[in-house]
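Here's a quick briefing on a ligand site and the pockets around it. Have a look at the model first, then read on.

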Amino acid sequence: MAHLFTPYSIGNLELKNRIVMAPMCQYSVTAKDGKPNDWHFTHYTSRAVGGAGLIIVEMTDVEPDGRITDYDLGLWSDDHIPSFQRIVDACHAHGAKIGIQIAHAGRKAEDAPVPVAPSPIRFDGPQYKTPRELSTDEVKQMVEKFAAAARRALKAGFDVIELHGAHGYLIHQFHSPLTNRRKDAYGEDLALFGVEVIQAVKAELPSGMPLFVRVSAVEYADGGYDLDHAIEICRRYRDAGADVIHVSSGGEGHPGARRPGNFPGFQVPYARRIKDALQVPVIAVGMLDHPALAESIVANGDADLVAIARGFLRDPYWPIHAAMALGEKPQVPVQYQRAF
Ligand SMILES: Cc1cc2nc3c(=O)[nH]c(=O)nc-3n(C[C@H](O)[C@H](O)[C@H](O)COP(=O)(O)O)c2cc1C
């Protein structure tokens, strides 16, 4: 059997294959209330029908001003729970597990009147404002907001929580020397905010439920951190309770001398290095939608799981088609079997 289609389990989570639908903002909350609507229901449910082992719902923010735009999802109140639960139940009915990426955009919150961040350093671009530096007390409250959002996600029935510590959003802003110039404990120890968020969220999870954390393995802006820094941050995150590291890169600013590869598999070496250095399960992501490439990543042990983003936008049935390309009998809903 193709390695991509072998089951995977960690803690109490059992996935039917190694295929993860990566989180992708849809910017489609037309009511601007943070609640998923019919678009989100159809979008996620069709990928469950298409055979994804794990679907990770897009960046979902812990407070209204933590959204990139007002069209993003949120989990800042209990009123949000039922519309997420409807999606969770439907994805479960079609055999997929489903997680959610909990986040705060920090200085990359475009519609917030005054965005907040570790330090008042503006992201370069016309849509960005100079953020206000969070006070030490506000940082502690922010940790609680992440925990509260995770609590609501559990009530909605999600199988996995992923914390967004990548792409220049708030957790990443704290662990990057480019964006964290604080003089308090959260500046002296760049990992401290992420560590506290992980510990607070982990304390909410039932035992055996794994916590995923997405990180940028390298920064591309001049002066940005390198892979060795990311490994030390991930070591702290692992020790604090992160069970799986989802390895992406960049997003903190405009690339300088170091530039993203942007060729198939360009981030896989980062996933492999983090896995080897920390002995932690990893998800590889980034231009992996050629089935043979995805298969080789699992077969070679470069990563435990393979996440597909744009490939799933092109083809909601990517896993079915990948199975056929790899010579596997695809698992299709009974209603569709006459076509296979
Ligand atoms: C439309 C779109 C929205 C995205 N939104 C998110 C997001 O909410 N959270 C996140 O961590 N990454 C987000 N990403 C990045 C993807 O998860 C993924 O890492 C990236 O697209 C590379 O994978 P791919 O080559 O398979 O597309 C987004 C990407 C796209 C194309």
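Predicted model: local features only at pLDDT ≥ 70, side-chain atom pairs only at ≥ 80, totals over all residues.

Residues are numbered from 1 along each chain as its sequence is written, and side-chain values use heavy atoms, with hydrogens and water left out.

**Around the ligand**

- The ligand has 15 residues around it, and Cys 25, Gln 101, Arg 214, Met 287 and Arg 310 are the closest (near means that a heavy atom of the residue lies within 4 Å).
- By class, that shell holds 9 nonpolar, 4 polar and 2 charged residues (Ala, Val, Leu, Ile, Met, Phe, Trp, Tyr, Cys and Pro count as nonpolar, Asp, Glu, Lys and Arg as charged, and the others, Gly among them, as polar).
- On its own the ligand exposes 610 Å², and the protein buries 81% of that (areas by the Shrake-Rupley method with a 1.4 Å probe).

**The largest pocket**

- The ligand sits in the largest pocket (more than half of its atoms lie within 2 Å of the pocket's grid points).
- A pocket here is an open set of points on a 1 Å grid over the protein atoms alone, where a 1.4 Å probe fits, with protein on both sides within 12 Å along at least five of seven lines; lining residues have an atom within 4 Å of a point.
- The largest pocket's volume is about 920 Å³ (the space filled by probe spheres set on the points).
- Its lining has 36 residues, with His 167, Arg 214, Ser 248, Ser 249 and Arg 310 closest to the centre.
- Two or more lining residues come from each of β13 (305–308) and α10 (310–314), and α10 gives the largest share, 3 residues (helices are DSSP runs of H or I with at least four residues, strands are E runs of at least two).
- That lining splits into 18 nonpolar, 12 polar and 6 charged residues.

**The second largest pocket**

- The second largest pocket has a volume of about 220 Å³.
- Phe 5, Asn 17, Lys 329, Pro 330 and Gln 331 lie nearest its centre, among 13 lining residues.

**Two loop residues with positive phi**

- His 167, in the loop between β9 (160–165) and α4 (170–175), has phi near 55°, a positive value in a residue other than glycine.
- Met 287, in the loop between β12 (282–285) and α9 (291–299), also has a positive phi, near 55°.
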